[in-house]
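Open the structure in your viewer and keep the selection panel at hand. The stops below are meant to be taken in order.

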Amino acid sequence: MKKILALVLVIVLAVAALSACGSSAQSAAPAAAPAQNDAPSGENAAVESPAATPAEVNLSAAYDNYLSQFSTNGTNGTLTVALSPDFAPMEFYDVAKSGDAAIVGFDVLLANYLAQELDMTLVLKPMSFDACQAAVQTGNVDVAISGFSWKADRAENFELSDYYIAGDNETQQSIICLKENEGKFTKPEDFIGKKIGYQGASLQQTLVEETFGELDVNITQVFSDLGTAVEALKAKQVDFLAVAHGNGESIIANSGDAIAFSGFDFEVDPKYENNVCLLKKGNTELVAKINVALAKALENDYYTGWYDASKVYAGVSTLDELGFDENGVKITD
Amino acid sequence: MTFILNIVKIMTKYWKVFLLQGIGYTLLLSIIAVAGGAFFGSLLALAKRSHLKILKALVNALVAVVRGTPVLLQLYIGVFVFPLIIPKLSSLPYIYSVSIVLIINSSAYVSEIIRSGIEAVDIGQMEAARSLGLTQRTAMMSIVLPQAVKNILPALGNEFIMVVKETSLASTFFVGELMTAYLKVKGNTYLTMECLFIVGVLYFALTFILSKILKAWEGRMKARA
């Protein structure tokens, strides 16, 4: 009995210590971020983590460079942002980091940029994709930035910002399949008699319905998340999956050569091409401010660099491919 | 074969997420929910036996609502509606709201377990004790409750194991427990089945160890009672 008690006590203590670490890291993260501001983080990263292999350092170098450029005094209070970090390269976890800093990706860079432009302190609130919308509606967070695309119903129930452009993640929408079918399907008619899966409430659902609704294609299989969908594809429960091109690249890179692009890309109506931020209906003041910042980002073409850096971080592309040097600095010609 | 290789690959890179964070937060949430549930559940069980009709009705209503709605829905309400009532919560991490919901949920079930345990003791026991001149209080404490414990413990152990598994729903808000670990790693690797397998083994290990501990404890308590 005493042994069991001792064991339980040890566990409780360990957990308490762990949770204390977690919460302190979380609160320390925003304060720590500005401190790294003007460090040339390419070199810095190498010095800080001598144990890491060069390849590992390079993965986040470009991303860290962009992140370190942002700074804010937080004079206008806090900007709480909901996002669903299971969607590389838009937002995902880097498990080597802790607290808020562990959430990385394109949308995180955008959120940091917005916080800087609005002079607010950024607080990230990770939650599931569905919960993001509930969080905005209840006023629990100020804004949701999680790869949301424009939809008529969304525009009706939320205040939507202007578009921001996440590279080809939204502009190019593709269909993936098992390796054996790679590149064999190029037009909608090729899919007759086949089964195409997609994630529910996503842009892909809209596109699949628009493209294949009239044809004799089985589009009844809806998935609640991309991971399950990929498993269903591997298990041949569906023949194809409609995905954003960027996600498709992540999936293929991790599939061990089992999955490939089918060769078909959707024709994407411009209104679907880009992402928007979700705000509570009636919060026009904040939307206006965000739109000003987004317009500036578009004008100065910040998005491409952010997206490329996030893709490298997610392991989809290499620094070299996207025109970064080994310290993660974009090579300009 | 690739399945096993993938698991090895995932574990070498992400073992901390599963073993430290995941198990740590799952245990933390479970312990909070179980301890809170046992404490407030006993209070609720007492309130149910109270002579105050209003108190009784309120507790019954609470238990009915908690038992009649899914935990996931309760978590959504806890995370998004509680902060409107208690403004302090909105500046705290979601784990606070999640813990409160889990405590309320667990209390409702524990109160029912205790009530049914007490009611299962033959009413003649109480009558006999009272006719021998014991006060209501002493009769309850030294005659009825010790017998009730025998009925309560197995069901309580069951409830604790349920709580461990229910914490998985908190992953909707990425509080860090095992299912969140799954979401994090799956989001990076898109290797769903492998991550689910790892998490499944860990959940089973946790509940299996817990059930063994509870069984040993149950035996001792029964021997004492």
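The tour goes through chain B, its side facing chain A, and then chain A.

**Before selecting**

This is a predicted model, in which local features need pLDDT of at least 70 and side-chain atom pairs count only at pLDDT 80 or more, while totals for chains, interfaces and linings use all residues. Residues are numbered from 1 along each chain as its sequence is written, and chains are lettered from A and ligands numbered from 1 in the order in which they are written.

**Stop 1: chain B as a whole**

Select chain B and colour by secondary structure. There are nine helices and zero strands, where helices (H or I, at least four residues) and strands (E, at least two) are DSSP runs, numbered from the N terminus. Along the sequence the pattern reads α-α-α-α-α-α-α-α-α. Taken along the principal axes, the C-alpha atoms of chain B fill a box of roughly 70 × 45 × 25 Å.

Of the 225 residues in chain B, 40% are buried. A residue counts as buried if 20 or more other C-beta atoms lie within 10 Å of its own, exposed if 12 or fewer, and partly exposed in between, with C-beta atoms placed from the backbone. Two residues are in contact if their C-beta atoms, placed from the backbone, lie within 7 Å. Among contacts in chain B between residues at least 6 apart in sequence, 74% join residues at least 24 apart.

**Stop 2: the α2/α5 crossing in chain B**

Select residues 53-68 (α2) and 94-119 (α5) of chain B. The axes of these two helices come within 9 Å and cross at roughly 115 degrees. Axes are lines fitted to C-alpha atoms, for helices over the stretch in contact, and angles run from 0 to 180 degrees between N-to-C directions. α2(B) and α5(B) are therefore roughly perpendicular to each other; angles under 35 degrees count as roughly parallel, over 145 as roughly antiparallel, 65 to 115 as roughly perpendicular and the rest as oblique. The crossing of α2(B) and α5(B) is left-handed (the near helix is turned anticlockwise from the far one by less than a right angle; clockwise would be right-handed).

Show side chains for the contact. α2(B) supplies B:Leu62, B:Val63, B:Val66 and B:Arg67, and α5(B) supplies B:Ile104, B:Asn105, B:Ala108, B:Ser111 and B:Glu112. By class these are five nonpolar, two polar and two charged residues. Ala, Val, Leu, Ile, Met, Phe, Trp, Tyr, Cys and Pro count as nonpolar, Asp, Glu, Lys and Arg as charged, and the others, Gly among them, as polar.

**Stop 3**

Select B:Tyr190, in the loop between α8 and α9 of chain B. Phi of B:Tyr190 is near 55 degrees, a positive value in a residue other than glycine. Is B:Tyr190 buried or exposed? B:Tyr190 is buried, with 23 other C-beta atoms within 10 Å.

Move to B:Glu218 in helix α9 of chain B. B:Glu218 is partly exposed, with 17 other C-beta atoms within 10 Å. Leaving aside neighbours within four places in sequence, B:Glu218 is in contact with B:Leu153, B:Pro154 and B:Gly157.

**Stop 4: where chain B touches chain A**

Display both chains. In contact are 32 residues of chain B and 33 residues of chain A. On the chain B side, the elements giving two or more residues are α1 (2-48), α3 (71-80), α8 (178-189) and α9 (192-224). α1(B) gives the largest share, nine residues.

**Stop 5: chain A**

Select A:Ala88 and A:Pro89, which are joined by a cis peptide bond with omega about 0 degrees. A:Pro89 is in the loop between β1 (78-83) and β2 (92-93) of chain A.

Next, select α4 (residues 106-117) and α12 (residues 302-313) of chain A, whose axes come within 8 Å and cross at roughly 140 degrees. That makes α4(A) oblique to α12(A). The crossing is right-handed.

Finish at A:Asp301, in the loop between α11 and α12 of chain A. A:Asp301 has a positive phi of about 55 degrees although it is not a glycine. A:Asp301 is exposed, with 9 other C-beta atoms within 10 Å.
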